[in-house]
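Good morning, and thank you for coming. Please have the sequence and the structure in view while I speak.

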Amino acid sequence: MTIVDNSITLSKSELPQKWRNILPLLPTPLGPYRAPDGSDIPPAALGAIFPAQLIDQEFSPSEWVDIPEPVLEAYARWRPTPLVRARSLEAALKVRSKIYFKNESLSPSGSHKSNTALAQAYYNQAAGIARLATETGAGQWGTALSIAARHFNLAIRVYMVKVSLEQKPYRKTIMSLMGAEVLSSPSQLTQAGRAALAQDPQTPGSLGLAISEAVEEAASRPDTNYSLGSVLNHVLLHQTIIGLEVKKQLASIGQKPDYLIACHGGGSNFGGLVCPFVPEVLAGEKIQLLAAEPAACPSLTQGVYGYDYGDMAKLTPLMPMYSLGADFVPPAIHAGGLRYHGASPIVSALIKDGLAKAETVTAMEAFNRAKLFANTEYLVPAPESSHALALTCQKALDLEEAGTPGVLVFVLSGHGLLDLAAYEAAPRP
Ligand SMILES: *Cc1c(COP(=O)(O)O)cnc(C)c1O
């Protein structure tokens, strides 16, 4: 018998050695970051919380950026990740389209966040920084950065959104195991946290508020820098390793994508998948770049494009992006990683210029498709990734109805093995 191999793998020697930077390719250049009075913020001002090399990357004019050797070595522990043909899912949906998923759940943290966590920890260590402060929503970012801090010998404190800490206590267990200090946000340790608690002692917290706490701490301690798991240009840059590998993998089987789909919280796994394909889109190739966002927190489809803060206490610079407003507290949906009021400036620019699109997915649609995926591919997707999965299924069904099957690729941004409480809480038929 012939055994069908559904997994398109790359050898270690095919691991991309450079990240792709599309800042210089954007049709409308990104506006500068701004201060509350409307004045431009000089990049050097970010030096209070970020190392110089990450600030350079944030505004880099180079189309390609070398991946430092220590980061490549760390990547090689699990990268390149497989691109997998979801044949059983295709069969269950009765579609002729080819559906592939890029399996980012195989990283040490179980999500794509390790791609940027390791890079950020490396640059901070190289700059002589001893400690990192960060926030985490669902816990994946905190887990990824805790592992990266362990790898590059940094101390770390994680402000974890209160509702997520209650929903996902085992995330804290992993972070603590790695040596991180994990606090429930809002906390009593920062002005931003105390103010939020004074206003509403029962607040579930939010990513925007947890960011305020971590930024406040980093800005007030010279030995401590801040690290952000999404949104910023340098984070998307590091995540382009995803799309660069997908490109090589599709080329190796002679396929071109019709749809590239990822869920959108702050935009990093979506940007990481699609940015390497932007040159083709600019050249007129018909590749649909599609972001799946939760109906409960629809920054790209319902938000306003303009300058807004990245956090609730308005400590971050104003950034040009789609936003629901910095004080928007998203409902406590299970896809905690998608509970963010804003969006990456790069993704926002792609959408504004018509190069990418966004659609919403309800929590129920995401859960139903997660169940189908578990029952066919035998993997439990993260609730966040289930949004990308659900939109992919929808597009495959639409293509079937139109009689035009195609090639769809989505990012399985993480596994759901630490999100089982969300699965327990889901409504049953
Ligand atoms: C954080 C996270 C997301 C959302 O963040 P993006 O920056 O939009 O990618 C999606 N999926 C998983 C598994 C995550 O951990």
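Helix α5 is mostly covered, with 10 of its 12 residues buried. Please note that what we are looking at is a predicted model. The buried residues of α5 are Gln140, Trp141, Gly142, Thr143, Ala144, Leu145, Ser146, Ile147, Ala148 and Ala149. What do they pack against? Their partners are α4, β6 (131–136), β7 (155–161), α7 (169–177) and α16. The length of α5, which covers residues 140–151, can also be checked: at 1.5 Å a residue its 12 residues should span 16 Å, and the end C-alpha atoms are 17 Å apart, which agrees. Just after α5, asparagine 153 takes a positive phi of about 60°.

Helix α4 runs over residues 114–126 and has 13 residues. From its first C-alpha to its last it reaches 18 Å, close to the 18 Å expected at 1.5 Å a residue. Is this helix mostly covered or mostly open? It is mostly covered, as 11 of its 13 residues are buried; among them are Ser114, Leu118, Tyr122 and Tyr123. Just after α4, glycine 128 has a positive phi of about 85°.

Which side chain of opposite charge is nearest to glutamate 384? It is lysine 168, 4.5 Å away. A salt bridge requires a side-chain nitrogen within 4 Å of a carboxyl oxygen, and glutamate 384, although buried, has none. Its side chain does, however, reach the backbone nitrogen of glycine 337 at 2.8 Å. Setting aside residues up to four places away in sequence, glutamate 384 touches Ala138, Gln140, Cys263, His334, Ala335, Gly336, Gly337 and Leu338. Gln140 is also one of the buried residues of α5.

Next, the strands. For example, lysine 102 has valine 411 in β15 as its bridge partner.

A contrasting pair is β12 and β13. Strand β12 (residues 304–309) pairs with β13 in the antiparallel sense over 6 bridges, and glycine 306 stands opposite methionine 321 in β13. In a regular strand the side chains alternate between the two faces of the sheet. In β13, Leu318, Pro320 and Tyr322 lie on one side and Met319, Met321 and Ser323 on the other, all of them buried, so that both faces are covered. Because 6 of the 6 residues of β13 (residues 318–323) are buried, this strand is largely enclosed by the rest of the structure.

Finally, a residue in a loop. Aspartate 353 lies between α14 (345–352) and β14. Its relative accessibility is 28%, so it counts as partly exposed. Apart from neighbours within four places in sequence, aspartate 353 is in contact with Pro27 and Thr28. A polar contact of 3.0 Å joins its side chain to that of threonine 28.

Thank you for your attention.

How values were computed
Residues are numbered from 1 along each chain as its sequence is written. This is a predicted model: local features need pLDDT of at least 70, side-chain atom pairs count only at pLDDT 80 or more; totals for chains, interfaces and linings use all residues. Side-chain values use heavy atoms; hydrogens and water are left out. Buried means under 20% relative accessible area, exposed over 50%, partly exposed in between (1.4 Å probe, protein chains only). Lys and Arg count as positive and Asp and Glu as negative; His and the chain ends are not counted. A polar contact is a pair of N or O atoms within 3.5 Å; within protein, one must be able to donate a hydrogen and the other to accept it, and residues adjacent in sequence count only if both atoms are side-chain atoms. Contact means heavy atoms within 4.5 Å. Helices (H or I, at least four residues) and strands (E, at least two) are DSSP runs, numbered from the N terminus. Two strands pair if DSSP finds at least two bridges between them. The expected span of a helix is 1.5 Å times one less than its number of residues.
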